[in-house]
Every structure is written in structure tokens, then in C-alpha cells.
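Please look over the sequence and the structure shown here before reading on.

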Amino acid sequence: MKIKIGNTVIQNQLVLAPMAGVTDLPFRLLCKEMGAGLVCMEMVSAKAISFHNKNTEDLMEIEKGENPVSLQLFGSEPELMGEVARRIEERPFDILDINMGCPVPKVVNNGEGSALMKNPRLTEELITSVVKAVKKPVTIKIRKGFNDKSVNAVEIARIAEGCGAAAVAVHGRTREQYYSGRADWDIIRQVKEAVKIPVIGNGDVTDGPSAAAMLKETGCDALMIGRAARGNPWIFREINYYLETGNELPGPDIEEVKEMILRHAARLLECKGEYTGMREMRKHVAWYTAGYPHSARLRQRVNEIETMDDLKKLLEGNFEAKQ
């Protein structure tokens, strides 16, 4: 089932969530290949862009073939957010997303990310500034609320729609929860019933049955997959198949997992060089191999790998199929 966000058509209902330190170019390409309809980049700071920060420039690299792709900005100054949005609009992303969900203290303490949900008036100014600055569709990603005493996702979604936002993604947890406890899908349903723009549900979608359940229970238009995709880009293939057929696909066999790890590593090295690429790959290897026999031992040894040859030897000697 296709969905439309502004003038951008997405071929299915699955969105790769923006995740700092995870959804870089190599990982996005793998998820796109496995069936993600829309991929979201790591969040980038509007201030850092305004200061021409080199690391931020690298975060905004987009490759032909991964579209449609969403670029996510974070910041708390309406005028600056609008100026930066205007400056980067010619880049080849399709959707500009405003981060209003990040729970990390250093972001929240600057009044950014999920802290914006505490200030609806500022939120309105900020969204309006960005929408007026660009022709591309603008979306927002929010949480249920900042804490259980301030559950205002519906209010913020209505504000966003009124400002001209093209869609809203809702994570069914408060900032106070971070990623613990169960996601509240009912708040996603409430947002869907309150606005006419597409609503993307986020939280506790881990396989085909949970994806179908969220769509049914909330009525949301699309699903955003975050932590469940780490080390598991196949999740998009599996969910798409389940939504189309009602049947579950078997997961990848061990040889497919090994091949994916090596492809991922090769692309990381190509993008970031061996020193940085192999160190970033360590966490991905831990995610890919979780749940396999002797995976704890493998995760200990993965912190020693420095070259592609090291990685190949590690996988051959320490990675066995599940019983």
C-alpha cells in the first residue's frame, strides 16, 4: 500500500526511523534494499550546519538510489531552523523532518528534541518557520508527551497540521520513559483520529504480526521501525511479506547474516575509511549476532577487530548457526 507525504510517494508503509549513530548511508542502503519504503537519516543540528561543521556535512551524504529519504533537523530557534532549512533545500532529500522526540539529556537540556513538546507556542513558531522556508514536505517526529503529567501528542499534532506539516510520526512513549516499558499505541490512535495528515506509528513493532496489529489498532498510515532494525535489515522484507500474505517468512540463515555483515562493513570502510569504519562496525556486529550460540564471546572479541580480515576470521571461527 503506497502512501503520500506532500508530493512524495512512498511505495509501502514501512519507514526506517532516524537513529543517531545507526542510520548512516551504508545502513540506510541495506534497509532500502530489504524493503524500507522511506529511510530517515541521522538527526543533524541546525546550529552545526550554520557553522559549516565538517562532521555534520558527512552526516548529510545522500546517494542516488536511496530515495525517498528524509533528512531530520533538530534545533529550538525558529528563525535559525528556517534559515538552515532554506539553505539545504537543494540537497537531494525528499522530506524534511523536525526532531521533537529525542530524549537524550544534552539535547533536551538545550530545549531541543522532546523538550519542544513542553512549549506548544515555540513549537508552532518553529514548524511555521520551516514550512514557510521550503517547498519540500515538512514532517515532525514526536513522543506521547514529555512525561505522564504532560501527554500532549494530540495537541502538538494538531498544531503541526495547522502550520502546514505534511505528516507526523508518533512514538508511543514519553520522554521520561526513553525506550523502556510498553509503547502506548492508543495515543497513536488518538492522533490519527485528530488530524487529516498521514500519521506514522512508532514503538514496539518488531515483526509482521506486531506490524499488522499496530495498523489495525491505531489506524495509522505507516509504521516506523527503529531499534528492531538494528542488526536486522531483513525486518522490512519480513513485515512487507506478512502484510501482503498474512504469512511469516523465515529469518535469514547464518550464511546470509555473514554476507550482510561483510557487505555492511565493506560499505562502511568505503565511506569512512578502515580506522573509523571498523570501529563503528563493532556495534553492528554485536547486533547482527545477538541470540546466536557463543554470541557473548563473539561480542567480547569484536572490540578487537581493526581490519576486514580480522572481521572475516572472527565470523568464521566464532559464529555458529542457531540450533
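Leaving out residues up to four places away in sequence, R173 touches R143, K144, G145, Y178, Y179, S180, G181, R182, A183, G203, D204 and R227, where a contact means heavy atoms within 4.5 Å. This is a predicted model, in which local features need pLDDT of at least 70 and side-chain atom pairs count only at pLDDT 80 or more, while totals for chains, interfaces and linings use all residues. Residues are numbered from 1 along each chain as its sequence is written, and side-chain values use heavy atoms, with hydrogens and water left out.

- R173 sits in the loop between strand 9 (167-171) and helix 8; helices (H or I, at least four residues) and strands (E, at least two) are DSSP runs, numbered from the N terminus.
- With a relative accessible area of 2%, R173 is buried, a word used for values under 20%, whereas exposed means over 50% and partly exposed lies in between, for a 1.4 Å probe and protein chains only.
- The side chain of R173 reaches the backbone oxygen of S180 at 3.1 Å, and S180 is also one of the residues that R173 touches.
- Although R173 and V151 are 22 residues apart in sequence, their C-alpha atoms are 9.6 Å apart in space.

**Helix 7 and its neighbours**

- Two packed helices are described by the angle between their axes and by the distance between those axes; the axes are lines fitted to C-alpha atoms, for helices over the stretch in contact, and the angles run from 0 to 180 degrees between N-to-C directions.
- Helix 7 (residues 153-163) packs against helix 8 (residues 185-194) at an angle of about 30°, with the axes 9 Å apart.
- On the side of helix 7 the contact is made by A153, V154, A157, R158 and E161, and on the side of helix 8 by I187, Q190, V191 and A194.
- These contact residues divide into six nonpolar, one polar and two charged, where Ala, Val, Leu, Ile, Met, Phe, Trp, Tyr, Cys and Pro count as nonpolar, Asp, Glu, Lys and Arg as charged, and the others, Gly among them, as polar.
- The buried residues of helix 7 are A153, V154, I156, A157, I159, A160 and C163, and what covers them includes strand 7 (95-100), helix 6 (120-133), strand 8 (138-143), strand 9 and helix 8.
- Helix 7 is followed by G164, which has a positive phi near 105°.

**Helix 11 with helix 12**

- The axes of helix 11 (residues 254-289) and helix 12 (residues 295-302) come within 9 Å and cross at roughly 175°.
- Helix 11 is therefore roughly antiparallel to helix 12, since angles over 145 degrees count as roughly antiparallel, under 35 as roughly parallel, 65 to 115 as roughly perpendicular and the rest as oblique.
- R282, V285, A286 and T289 of helix 11 meet S295, L298, R299 and V302 of helix 12, and this contact has four nonpolar, two polar and two charged residues.

**Helix 4 with helix 6**

- Helix 4 (residues 78-88) and helix 6 have axes that come within 8 Å and cross at roughly 20°, and the two helices are therefore roughly parallel to each other.
- In this pair P78, E79, M81, G82, A85 and R86 of helix 4 meet L122, E125, L126, S129, V130 and A133 of helix 6, and by class the contact has seven nonpolar, two polar and three charged residues.

Definitions and conventions:
A polar contact is a pair of N or O atoms within 3.5 Å; within protein, one must be able to donate a hydrogen and the other to accept it, and residues adjacent in sequence count only if both atoms are side-chain atoms.
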